[in-house]
Amino acid sequence: MTQSPTAARRRWRIGIDVGGTFTDLVAVPGDGTSWSLADAVTHKVPSTPHDPSQGVETGLAQLLERGIAVEDVAAVAHGTTIGLNAILQGRVARAALVVSAGHRDVLQIARARMPRSFDLHATPERPIVPREHVLEVAHRFAPDGTSVGPGRATPGVDEAELARLVERLTAVAPEVVAVSLVGGYAAREAEQHLADRLAAALGVPVTSAAAVWPEAGEYERTTLALLDAQITPLMTGYFTALRERLRRLRVDARVYITTSNGGSVSIESAMRRPVQTVLSGPAGGVSAAATAWPGTDMVTVDMGGTSSDIGVLRGGRPVLTTTATVGPHPLMTPVVEVSAIGAGGGSVIGADRSGAQPVLRVGPASTGAVPGPAAYGAGGTRPALTDAYVHAGVIDPRTFLGGTFPLRADLATAALAQVADDLAHKDGSPSSSAPAATGTAALAACADGVADAALRVASVGMAARLRTVLAAHGEVPERYTFVAFGGAGGTHAALLADEVGVRRVLVPAAAGTFCALGAAIAPIRRDVARTVRTVVAEQNLDALTTSAAELEREVLDWLRTQDVAATGTVTLSADLRYAGQPTTLEVLLAERPAEPGTDGPGPLRLETEPVLRRFAEQHERVHGFVDPTATVRAETLRASVSVRLGEVRSGHGGAAFVKTGARDVRYDGTPRPASVHALAEDGEAAVTGPAVIEKADTTVLVPAGWTATTDDGGNLHLVRDAVEITNEEG
């Protein structure tokens, strides 16, 4: 599926997102000028799971054939889940870990929590590396960074101890090593020095935990360093292969890799710290929404082939978290908070027999790119949500992906009917009168019930997850706008909005390739942190200001290595809590300009009263109370630098709808006549539901009670009618 360029001889920035089903590519103007989403050039090709870079090369070659000259490509930004998949599947490098004496069981003890609190037979998660690969060294640091040890007159590891450590590590024969010493977060240079000496002696990559993320939390910091070390060989190999494939296409452009915090970094930075990329895929769409519609409270719903990812933008900024996990492993660096549920276009619809009676289940298993849903006609026999959309009349098999990927409605119906037969038999034995042996009408009737139930189950599951995500931040869905993207985002968005009471849905012009768009326009961004652990008071303000200024200098120095000329923003914040409180809230300290080619925005000065006021306001919103008499403590200082790459114009008016046909659709258990529309320069200004809007990259369902309009950027705006709201709310 392609869309042609709208302008010739302009510089382009290309974003690439490799998904489980499709590899998406988007080219946008890359000269820093303001542009509309309608200017984007989009392309999709099937993913190649055996070698993701092959799909990237194929898709990029085809995209360039659409009229983009190779010499006009200014940059290529790539989002990848290779590191994430390797961690989840255990396909990582053989690692060893060096820790301070007495802390060999840091991975086994973890946070001393069982996986299931009330299950007496639950077993702890398997450590990321076995205990026999964890070696000790008699060295550690105090919280102020001073070296301490048993009777040491001089800091550091002596030559004899280093030789013994190298000998033991050689016996383990690791491919990579991580070093994480107690208190190492406060002595980054000393821990890095030990890592460098080990790397020179062993001839393998050695990662310092403090260099990856210098924040207190021995278990979390150690795990992060191990994850980074374990995927380093794989990611270095992939990035090297990516560069080679770009060279084969004669693409001589800067290469950026998207990161988990919603930004991007140079490929050189990604190679040095690959763990920062592992959750970059889901962050791409959230980042795109933040760039396209700044200042807006939004919930992003990315419904692709495998899952639906839900993100939150408060005031147009992605909500970040430092408590994300990769499988069972904590990821303490800031990442865009995205909650996933296994309900995508490829999510399998089947009978769950875990209870007394079989019940219908949607996901989390997926049909994947191969063989895909039954309607693909590629040999798949298990029905997916895509099959339900096809059978329900929401998706026209003839116009799927602009008519380039025709589907088989008969196969979708047969697969759904088989699920009905499975649900009818408690023991799972095949029926003597299987649906395949019945007439066409009976087969369709069986499929009707399964399709109706599957759409409902998917909506309820996503709604439950969405409410949970927002409740954790003291928010309710009703005050947010949905931004729905991914291949199935616009197809299901209004159904989900009805379930949770959201009144506005925005389907971007490049909905089917929105995460790739996010890669193309993701800001250049870097986050750093430092543990301080002090009281927020006037007497400590100078020390806090000095630490914050040092973090600001660190991110500005990094920015100079990224070859970026635009002005950015440095954001300084702190994790604050009341004394004795177990959790913290991140509170803004200051925002300052990051001017290229300068030494910085001038001296920094923090003030106590505004910081405490912002903390109180945030504590009231999240926890429902404040305590003016309590001591407020700062645990961690944080700094981030972010540089936006151009501006996206939001269109208003100018485009229209043209009616192309009509058909019956069913989305609530009842077949309804619906009009079918496409976007055009001239036509109707609005469409009322029931209706279906067919685009090259997605199909948008407009249920009864909803009205759709479009802007000159090609974005669709769905609004639930005021009369409908009044009737529902009484």
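In helix H11 of this predicted model, the buried residues are Ala412, Thr413, Ala415, Leu416, Ala417, Val419, Ala420 and Asp421. Residues three or four places apart on an α-helix point the same way, because each turn takes 3.6 residues. Helix H11 covers residues 409-423, a run of 15 residues. From first to last C-alpha, H11 reaches 22 Å, close to the 21 Å expected at 1.5 Å a residue.

Rolling a probe the size of a water molecule over the atoms shows where empty space is left. The largest cavity holds about 110 Å³, and its lining comprises 4 nonpolar, 5 polar and 2 charged residues. Among the lining residues are Trp213, Arg273, Val275, Pro334 and Asp527, together with Thr259, Asn261 and Gln276.

Thr259, one of these lining residues, lies in the loop between strand S12 (254-258) and strand S13 (264-266). With a relative accessibility of 2%, Thr259 counts as buried because this value is under 20%. Its side chain makes a polar contact of 2.7 Å with the side chain of Asn261, which also lines the largest cavity. Beyond four places in sequence, Thr259 touches Ser264, Val265, Gln276, Thr277, Ser280 and Ala283.

The second largest cavity has a volume of about 70 Å³. Its lining divides into 10 nonpolar residues, 1 polar and 1 charged. Helix H15 (541-559), strand S27 (568-578), helix H16 (608-623) and strand S29 (632-643) each give two or more residues to this lining, which includes Leu541, Leu544, Ala574, Leu576, Thr608, Val611, Ala634 and Leu637.

Notes
Residues numbered from 1 in each chain as written. Predicted model: local features only at pLDDT ≥ 70, side-chain atom pairs only at ≥ 80, totals over all residues. Heavy atoms only, no water. Helix = DSSP H or I, 4+ residues; strand = E, 2+ residues; numbered from the N terminus. Expected span 1.5 Å × (residues − 1). Buried < 20%, exposed > 50% of the residue type's maximum accessible area, 1.4 Å probe, protein only. Polar contact = N/O pair within 3.5 Å; in protein donor to acceptor, adjacent residues only side chain to side chain. Contact = heavy atoms within 4.5 Å. 1 Å grid on protein atoms, 1.4 Å probe; cavity = no way out; pocket = protein on both sides within 12 Å on 5 of 7 lines; lining within 4 Å. Points joined across faces, edges and corners; volume = space filled by probe spheres on them. Nonpolar A, V, L, I, M, F, W, Y, C, P; charged D, E, K, R; others polar.
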